[in-house]
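User: I am new to this structure and would like to learn how to read its features one at a time. Could you take me through them, giving the general idea before each case?

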Amino acid sequence: MSKTELTDNLTFASALQMLKQLVAQGLLSADEEARTRQELEQKLRPTLILA
(Lines give C-alpha, C1' and ligand atoms only; values in the text may rest on other atoms or scores of the structure.)
Protein backbone atom coordinates (compact mmCIF):
# COMPACT_ATOMS: atom_id res chain seq x y z
CA MET A 1 0.00 0.00 0.00
CA SER A 2 1.42 3.36 -1.00
CA LYS A 3 1.52 6.43 1.20
CA THR A 4 -1.24 8.03 -0.89
CA GLU A 5 -3.48 4.99 -0.49
CA LEU A 6 -2.89 4.95 3.25
CA THR A 7 -3.70 8.65 3.51
CA ASP A 8 -6.87 8.21 1.44
CA ASN A 9 -7.97 5.24 3.57
CA LEU A 10 -7.43 7.14 6.82
CA THR A 11 -9.22 10.21 5.47
CA PHE A 12 -12.11 8.03 4.30
CA ALA A 13 -12.39 6.29 7.68
CA SER A 14 -12.34 9.62 9.50
CA ALA A 15 -14.98 11.09 7.20
CA LEU A 16 -17.24 8.07 7.77
CA GLN A 17 -16.99 8.55 11.53
CA MET A 18 -17.90 12.21 11.14
CA LEU A 19 -20.87 11.29 8.92
CA LYS A 20 -22.17 8.83 11.51
CA GLN A 21 -21.90 11.48 14.22
CA LEU A 22 -23.77 14.03 12.11
CA VAL A 23 -26.57 11.55 11.42
CA ALA A 24 -26.73 10.60 15.12
CA GLN A 25 -27.04 14.28 16.03
CA GLY A 26 -29.81 14.73 13.48
CA LEU A 27 -27.86 17.19 11.36
CA LEU A 28 -27.89 14.93 8.27
CA SER A 29 -30.54 12.60 6.93
CA ALA A 30 -29.82 9.01 5.93
CA ASP A 31 -30.15 10.01 2.25
CA GLU A 32 -27.59 12.79 2.67
CA GLU A 33 -25.25 10.36 4.42
CA ALA A 34 -25.52 7.84 1.57
CA ARG A 35 -24.95 10.51 -1.07
CA THR A 36 -21.95 11.92 0.80
CA ARG A 37 -20.45 8.45 1.29
CA GLN A 38 -20.72 7.80 -2.47
CA GLU A 39 -18.97 11.09 -3.20
CA LEU A 40 -16.19 10.24 -0.74
CA GLU A 41 -15.73 6.81 -2.30
CA GLN A 42 -15.43 8.39 -5.75
CA LYS A 43 -12.98 11.07 -4.65
CA LEU A 44 -10.79 9.04 -2.31
CA ARG A 45 -11.14 5.58 -3.89
CA PRO A 46 -10.40 3.71 -0.66
CA THR A 47 -8.66 0.38 -1.04
CA LEU A 48 -10.22 -0.79 2.21
CA ILE A 49 -13.98 -0.47 2.28
CA LEU A 50 -15.00 0.07 5.88
CA ALA A 51 -18.57 -0.54 6.94
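Analyst: Let us begin with a term: a nonpolar core is a set of buried residues such as Ala, Leu and Phe, joined through side-chain atoms within 4.5 Å, and buried means under 20% relative accessible area. Please keep in mind that this is a predicted model.

User: Which residues make up the largest nonpolar core?

Analyst: In soluble globular proteins, nonpolar side chains tend to be buried together. Here the largest nonpolar core has 6 residues in all, namely F12, A15, L16, L19, L40 and L44. At least two of its residues come from each of the helices α1 (3-24) and α2 (30-44), and α1 provides the largest share, with 4 residues.

User: Which residues does L40 touch, leaving out those up to four places away in sequence?

Analyst: With those sequence neighbours set aside, L40 is in contact with F12, A15, L19 and R45.

User: Which residues form a nonpolar patch on the surface?

Analyst: Such a patch is formed by M1, L6 and L10, which together have about 340 Å² of accessible area. M1 lies in the segment before α1, and M1 counts as exposed because its relative accessible area is 64%, where exposed means over 50%.

User: Is T4 buried or exposed?

Analyst: T4, which belongs to helix α1, is exposed because its relative accessible area is 54%. From T4 to L16 there are 12 residues in sequence, and the two are 18 Å apart in space, C-alpha to C-alpha.

Terms used: Residues numbered from 1 in each chain as written. Predicted model: local features only at pLDDT ≥ 70, side-chain atom pairs only at ≥ 80, totals over all residues. Heavy atoms only, no water. Buried < 20%, exposed > 50% of the residue type's maximum accessible area, 1.4 Å probe, protein only. Contact = heavy atoms within 4.5 Å. Patch = residues over 30% accessible without salt bridge, like charges linked within 9 Å, V, L, I, M, F, W, Y side chains within 5 Å. Areas by Shrake-Rupley, 256 points an atom, 1.4 Å probe, with all protein chains shown as cover. Salt bridge = Lys/Arg side-chain N within 4 Å of Asp/Glu carboxyl O.
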